[in-house]
Structure formats: structure tokens, C-alpha cells
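Here is my note on the model, as numbered points.

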Amino acid sequence: MKKPIIAITMGDTSGIGPELITKVLSREEVYGYCNPFIIGDPNVMEEVSKVMGGDLHFKAIRDISEADFLFSHPDVLCPEGANIAEIRWGQLDPAMGRAAALCLEKAFHLALEKKVAGVVSAPLNKEAFHRAGYHYVDELEYLAELTKSPEPFVMGLMDSVWTLPVTFHIPFRDIANMIKKERVLRYIRLMDQMLRKMGLVEPKIAV
């Protein structure tokens, strides 16, 4: 069976994204079930690996067709404008927010072109994202526009149970006002549609 190609976006460089990616791709078994590659700045990934004392050496590519998917040399595709001049560890920086957004944009364009089977995104800093000029509530709203999705939602998986929240990134005090009959019913229908697409004939949904 052909292994799926998975794009991993770098996230906010000031945060834990590059470190998490380095730790994950340091495990050779990951390459046993998928072909992962990074969308981000190869210099950042090399620096993070060096700081962590890792053995990985990253290969810069300009197109997905150049990827080798080798464990010892993870491929890194850097979108135009996503280069990081200087890593400012733990600091809020609009430049990092813009780079993270550009990486997400590139990943989802590749997904829409069916060049990757899935996207794993490292965390981005929403304040840095907003300060970079992206006026969306969160990255979900941003991705909805990129993919022209009229009803974006997030599904999660716990063991063998799929979950779908009725509310997303809103202040805690606003949650109760969002729990309306029509909204709950809408998400039940969305969950039912998705489970049927995955092959379940009669999904059982708990609310």
C-alpha cells in the first residue's frame, strides 16, 4: 500500500512547533506508515535540531517533487516570504505569525491540489497571527476561506470515538449563549454526514 504524503507546518517559530516536529521526526517508525515533510524554514529546523542535540540534517526543497522522504534528512519546503531572519525564542513577533500563516496556506494549497494526503499543523500564536494582519478569529476561519468551505468544523478522535465541539475559540463566558437547539442540531447533522462518508451505515451519536 502506498504511504500517504503528510505535510507538517512549522507553526510559530518562537514557540514549541519546531521542537515538537524535530522530536517526532527523530523517530524512524514514523516513516514506516507515512511520507512526512515539513513546510517551514530549513535554517530554523537545523538550528532547533542543533540546540536539542539531535542528529537530523534537513534538506531544503523548492517543490514537493524534490522530496526524498528520508529519515536522516527530513525535507523542508519554505514558502516565499516565510524565511525567518532571527529566531526570537518565547517572544511575540508578527513576523513569526506571518510565516506560520504562509506555511498553512502552502500546505492547504498542496492538499487542494491533491499533492498531499493530509496536513499536521504545529501550534501558531493567535496574537502574532492577528498582528501580522490576518483578521480571522483563528486559523480555522482562515483555512475555511482558503478552501472556500461554507461550514468549517473541527473533528477530534479519542480512541475509536469521533468528537465535534459545538463551540470553538470564544471566551468562556460566551459559551452558554452558543448552546442553542438549532446549533446543536446542525452539528449532529454534520457529524452524521462525516461518519457516513467514512463508511458507517448507521452512526450512533451521543450529545
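1. Glu-19 is partly exposed, at 33% relative accessibility. The cut-offs are under 20% relative accessible area for buried and over 50% for exposed, with partly exposed in between (1.4 Å probe, protein chains only). Lys-23 is also partly exposed, with a relative accessible area of 46%. Glu-19 forms a salt bridge with Lys-23. Their closest N and O atoms are 3.2 Å apart. A salt bridge here is a side-chain nitrogen of Lys or Arg within 4 Å of a carboxyl oxygen of Asp or Glu. Both residues lie in helix α1, 4 residues apart, about one turn of the helix. Helices (H or I, at least four residues) and strands (E, at least two) are DSSP runs, numbered from the N terminus.

2. On provenance: this is a predicted model, where local features need pLDDT of at least 70 and side-chain atom pairs count only at pLDDT 80 or more, while totals for chains, interfaces and linings use all residues. Residues are numbered from 1 along each chain as its sequence is written, and side-chain values use heavy atoms, with hydrogens and water left out.

3. Glu-127 and Arg-131 form another salt bridge, with the closest N and O atoms 2.7 Å apart. They sit 4 residues apart in helix α5 (residues 126-131), so about one helical turn separates them. Glu-127 is partly exposed at 40%. Arg-131 is exposed at 53%.

4. Glu-113 and Lys-115 meet through their side chains in a salt bridge, 3.5 Å from N to O. Glu-113 is partly exposed at 46%, and Lys-115 is partly exposed at 39%. The search of the whole structure finds 9 salt bridges. Side chains of opposite charge can pair when their charged atoms come close.

5. Which residues touch the most other members of the largest nonpolar core? They are Leu-25, Phe-37 and Tyr-142, in a core of 44 residues. A nonpolar core is a set of buried Ala, Val, Leu, Ile, Met, Phe, Trp, Tyr and Cys residues joined through side-chain atoms within 4.5 Å. Elements giving two or more residues to this core include β1 (5-9), α1 (17-25), β2 (35-39) and α4 (94-112). The largest share, 9 residues, comes from α4.

6. Leu-25 deserves a look. Leaving aside neighbours within four places in sequence, Leu-25 is in contact (heavy atoms within 4.5 Å) with Ile-8, Val-30, Tyr-31, Pro-36, Ile-38, Leu-56, Phe-71 and Pro-74.

7. A second, separate core has 7 residues, among them Val-184, Tyr-187, Met-191 and Leu-195.
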